[in-house]
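Here is a friendly walk through a protein model, with strands, side chains and charges taken in turn. Please keep the sequence and the 3D view open as you read.

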Amino acid sequence: DLSVTGTVGAGSILLSGRNLAISGLVSDGGAGSTSLIATGGSIAESGRLIIGALSGSSAGATSLVGANAIAALDAFTAGGGLTLDDGGNLTVVGPVSAGPAAQISLPGALTLAGPLTAGVVTLNAGSLALDSTLTGSGSIHLTIGGDVGGPGSIDTPQLTGSSGGATNLTSGGNRIGAIDTYSVGSVLNVVDGEDITLAGVITAPLLEVNAAPHQVTIANGTTIVTGGIARPADARFTQAPTYEVGAYLSDFVQQGAVSVTSPTGGYSILEITTSSGGNIAFDPKAGLTGQKTWMILNLPGQISGFASGNVFVRWLDVFYAPGSSGGGASLGGSINGITGQAAAGAGFIHSAADTRFRINACAIASVNCIILPVEVLPLTNPLEEFSIGSLFGSDDDDQFFLPLVSRRDY
């Protein structure tokens, strides 16, 4: 075993032993390189590390929780887990493998330039730049004061946490099984390469989740807290609108009760867009509730998707491709508090009413379950084409009846 209680200083440092215990100062000047190796046990540091580039390994756990100033974490393996506290900015050059758990905490910018892998990953930082792969085989928890984003990707069955700014995970290489209770200050934008589930409380003024052609599932008890506007009165659209607020999801399945609300108690938007022939399935009993929510169902493509289940929303707009085949909607619930067949008249459909798309068994945008056709006004007075007369018997006096005349006779 090796114990450091004093000061070790050099441009390049190698400390190795069965176990390492550091309560003193180890410094390469902040611009050199240091390697810490515990061949049979753990590395425990409660002193101070001033290191340019740190590398090493431990058969057991590595705990670096002193007043540290580490600029870069190079290749490191911690068989029993890694805990690292830093006082400034840190770049993970890697690869870093931390066994059951990795926890990195610092006030500054954390840059993931190389891969980081552990069972449970916990990152606390001022910002997070994802330039490589972050893998948590059990879960990943992020507490980031600013933005999260970059060309890298996340691979985990469960992502939780928060960012004070935006979280942009749009590289296309993500494999996120679930986002469970996550909040952002501005945008949560996720492009996922597998089925994804939203659960807990998801808070984002602008939420975008696209897993197409895979499935987005919203779990029972989920609340989406997002932004929105009131639907423009009597607006007719040529395509589904998008705004800088609201929740925008791809092919969608709901399980149990789900609610959509606003952080201020105001309006919210939920827009769901299917891939060609994709489906939207709300829960058939509890349904989705948004008392001030403008719901937009976008079913594009020449093979229309199908929407089913219950919705209880303030406004409903349905978009489909003219001339499309198949698909449709069989919804239940209410629009603007209106239930039953009358709810259909409170909905909007673009570009024209179609009996394939129904709520409470009535075509959306119909009146009393009847789609009113568009009539063409006649060019002349239609009464001019009629003759007015009366039937009479052969014994009646002809002088009591006017002759049958019309404009065409004269």
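## Parallel strands around β15

Strands β15 and β17 run parallel and are joined by 9 bridges. Two strands count as paired if DSSP finds at least two bridges between them, and the strands themselves are DSSP runs (E, at least two residues), numbered from the N terminus. One point to look for is L123, whose bridge partner in β17 is L142. Before going on, a word on the source: this is a predicted model, in which local features need pLDDT of at least 70 and side-chain atom pairs count only at pLDDT 80 or more, while totals for chains, interfaces and linings use all residues. Residues are numbered from 1 along each chain as its sequence is written, and side-chain values use heavy atoms, with hydrogens and water left out.

β15 (residues 116-125) also pairs with β13 in the parallel sense, over 5 bridges. Here I104 stands opposite L123 in β15, and S105 has N124 in β15 as its bridge partner. Strand β12 (residues 90-97) is another parallel partner of β15, with 2 bridges, and V96 stands opposite L116 there. Strand β13 (residues 101-105) is in turn joined to strand β11 (residues 82-85) by 4 bridges, again running parallel; L82 has A102 in β13 as its bridge partner.

How many of the 10 residues of β15 are buried? The count is 7, so β15 is largely enclosed by the rest of the structure. Buried here means under 20% relative accessible area, exposed means over 50%, and partly exposed is in between (1.4 Å probe, protein chains only).

## L134 and its surroundings

L134 sits in strand β17 (residues 133-144) and is buried, with a relative accessible area of 0%. Leaving out residues up to four places away in sequence, L134 touches L112, L116, V121, L123, I140, L142, S153, I154 and D155. A contact means heavy atoms within 4.5 Å.

## Three salt bridges

A salt bridge is a side-chain nitrogen of Lys or Arg within 4 Å of a carboxyl oxygen of Asp or Glu. By this rule, the count comes to 3. R175 forms one of them with E194, with the closest N and O atoms 3.1 Å apart. R175 lies in strand β21 (residues 167-176) and E194 in the loop between β23 (187-192) and β24 (196-203), so the pair ties together parts that are 19 residues apart in sequence. R175 is partly exposed, at 41% relative accessible area.

D317 and R231 form a salt bridge with their closest N and O atoms 2.6 Å apart. Because D317 lies in strand β34 and R231 in the loop between β27 and β28, this pair ties together parts that are 86 residues apart in sequence. D317 and R231 are both buried. D354 and R356 also meet through their side chains in a salt bridge (3.2 Å, N to O). D354 is buried, with a relative accessible area of 17%, whereas R356 counts as partly exposed at 22%.

D251 is found in the loop between β28 (246-249) and β29 (252-254). Its contacts beyond four places in sequence are H214, Q215, V216, T273, T274, S275, G278 and N279.

## Aromatic rings

The structure holds 6 aromatic pairs. Rings of Phe, Tyr and Trp (its six-membered ring) pair if their centres lie within 6.5 Å; planes under 30 degrees apart count as stacked, over 60 as edge-to-face and the rest as tilted. The rings of F237 and F319 have centres 6.2 Å apart and planes at 55°, so this pair is tilted. F237 lies in the loop between β27 (223-225) and β28, and F319 lies in strand β34 (residues 306-320), 82 residues apart. Both F237 and F319 are buried, and ring pairs link F237, Y243, W294 and F319 into a cluster.

R231 also lies over the face of F348, 3.5 Å from the ring centre. A charge sits over a ring if NZ of Lys or CZ of Arg is within 6 Å of the ring centre and within 35 degrees of the ring normal.
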